[in-house]
Amino acid sequence: MDLKITRTKMHEAETLLNIQKEAFQSDLKKYKDYDTSPAAELLDFFKYKINHSFHFTIFLNGKIAGGICIVKITDIHYRLVRIFLSPNLQNRGLGSKILTQMENKFPQAKVWSLDTPKDNERTRHFYEKFGYKKTKENKINNRLTLIEYEKKI
């Protein structure tokens, strides 16, 4: 299994957005968060993020498999805005390899932050396994509460 992570190129945007929408479609249906859901994101905004963040494309055996969006908050604080894989590639242990590679790409980062739905036990367990600690909760709507996580290195 050949896993490669490279900076996203603009011609990859549509493919990546389609994978992102597919990956987060069940969350959109569940939470009905049409304003901020990755499954409802528009192509123009996705392209904006490619230009204004650290956006990476995940390749598996030479094919686009997912993406990562990271934003620099300060010189030592980075935020994992989003990480996504095609649904047919999830639950295979790839997430651990991807997250480890991403954290290693930013050795200057001493603080990482992210958020994830409170009721998504699998995702919460994944981040907690990597040393992320809950710092607060943000209620988005009656269906969705996000837990804010932080990891200090």
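**Loops, cores and aromatic rings**

Guide: Lys-32 lies in the loop between α1 (13-31) and α2 (43-52). Please bear in mind that the model is predicted.

Visitor: Is Lys-32 buried, partly exposed or exposed?

Guide: Lys-32 has a relative accessibility of 39%. Buried requires under 20% and exposed requires over 50%. Lys-32 therefore counts as partly exposed.

Visitor: What is the phi of Asn-61, in the loop between β2 and β3?

Guide: Asn-61 is found in the loop that joins β2 and β3, and at 52% relative accessibility it counts as exposed. Asn-61 is not a glycine, yet its phi is positive, at about 50 degrees.

Visitor: Which residues does Leu-60 contact, leaving aside its neighbours within four places in sequence?

Guide: Leu-60 belongs to strand β2 and is buried, with a relative accessibility of 10%. Its C-alpha atom is separated by 22 Å from that of Pro-38, 22 residues apart along the chain. Beyond its sequence neighbours, Leu-60 is in contact with Met-1, Asp-2, Leu-3, Ala-65, Leu-89 and Leu-94.

Visitor: Which residues have the most contacts inside the largest nonpolar core?

Guide: The largest nonpolar core has 27 residues. Elements giving two or more residues to this core include β2, β3 (63-72), α3 and β5. A second, separate core has eleven residues, among them Ala-13 and Leu-17. Within the largest core, the residues with the most contacts are Ile-68, Ile-70 and Ile-98.

Visitor: How are the rings of Phe-54 and Phe-106 arranged?

Guide: The count of aromatic pairs comes to ten. In the pair of Phe-54 and Phe-106, the ring centres are 5.1 Å apart and the planes are at 75 degrees. The pair links distant parts of the chain, with Phe-54 in strand β2 (residues 54-60) and Phe-106 in the loop between α3 (94-105) and β5 (111-117), 52 residues apart. Planes over 60 degrees apart count as edge-to-face, so the arrangement of Phe-54 and Phe-106 is edge-to-face.

Visitor: Is Phe-106 buried or exposed?

Guide: Phe-54 is partly exposed, with a relative accessible area of 24%. For Phe-106 the relative accessible area is 5%, and the cut-off for a buried residue is under 20%. Phe-106 is therefore buried.

Visitor: What is the arrangement of Phe-106 and Trp-112?

Guide: Phe-106 and Trp-112 are both buried. The ring centres of Phe-106 and Trp-112 are 5.8 Å apart and their planes are at 85 degrees, so the pair is edge-to-face.

Visitor: Which residue lies over the face of Phe-56?

Guide: At 5.6 Å from the ring centre of Phe-56, the residue over its face is Arg-7.

Visitor: Which residue in β7 stands opposite Trp-112?

Guide: Six of the seven residues of β5 are buried. Three bridges join β5 to the parallel strand β4 (residues 77-85), and Arg-79 stands opposite Ser-113 in β5. Seven bridges join β5 to β7 (residues 145-152), and these two strands run antiparallel. In β7, the residue opposite Trp-112 is Lys-151.

Key:
Residues are numbered from 1 along each chain as its sequence is written. This is a predicted model: local features need pLDDT of at least 70, side-chain atom pairs count only at pLDDT 80 or more; totals for chains, interfaces and linings use all residues. Side-chain values use heavy atoms; hydrogens and water are left out. Rings of Phe, Tyr and Trp (its six-membered ring) pair if their centres lie within 6.5 Å; planes under 30 degrees apart count as stacked, over 60 as edge-to-face and the rest as tilted. Helices (H or I, at least four residues) and strands (E, at least two) are DSSP runs, numbered from the N terminus. Buried means under 20% relative accessible area, exposed over 50%, partly exposed in between (1.4 Å probe, protein chains only). A charge sits over a ring if NZ of Lys or CZ of Arg is within 6 Å of the ring centre and within 35 degrees of the ring normal. Two strands pair if DSSP finds at least two bridges between them. Contact means heavy atoms within 4.5 Å. A nonpolar core is a set of buried Ala, Val, Leu, Ile, Met, Phe, Trp, Tyr and Cys residues joined through side-chain atoms within 4.5 Å.
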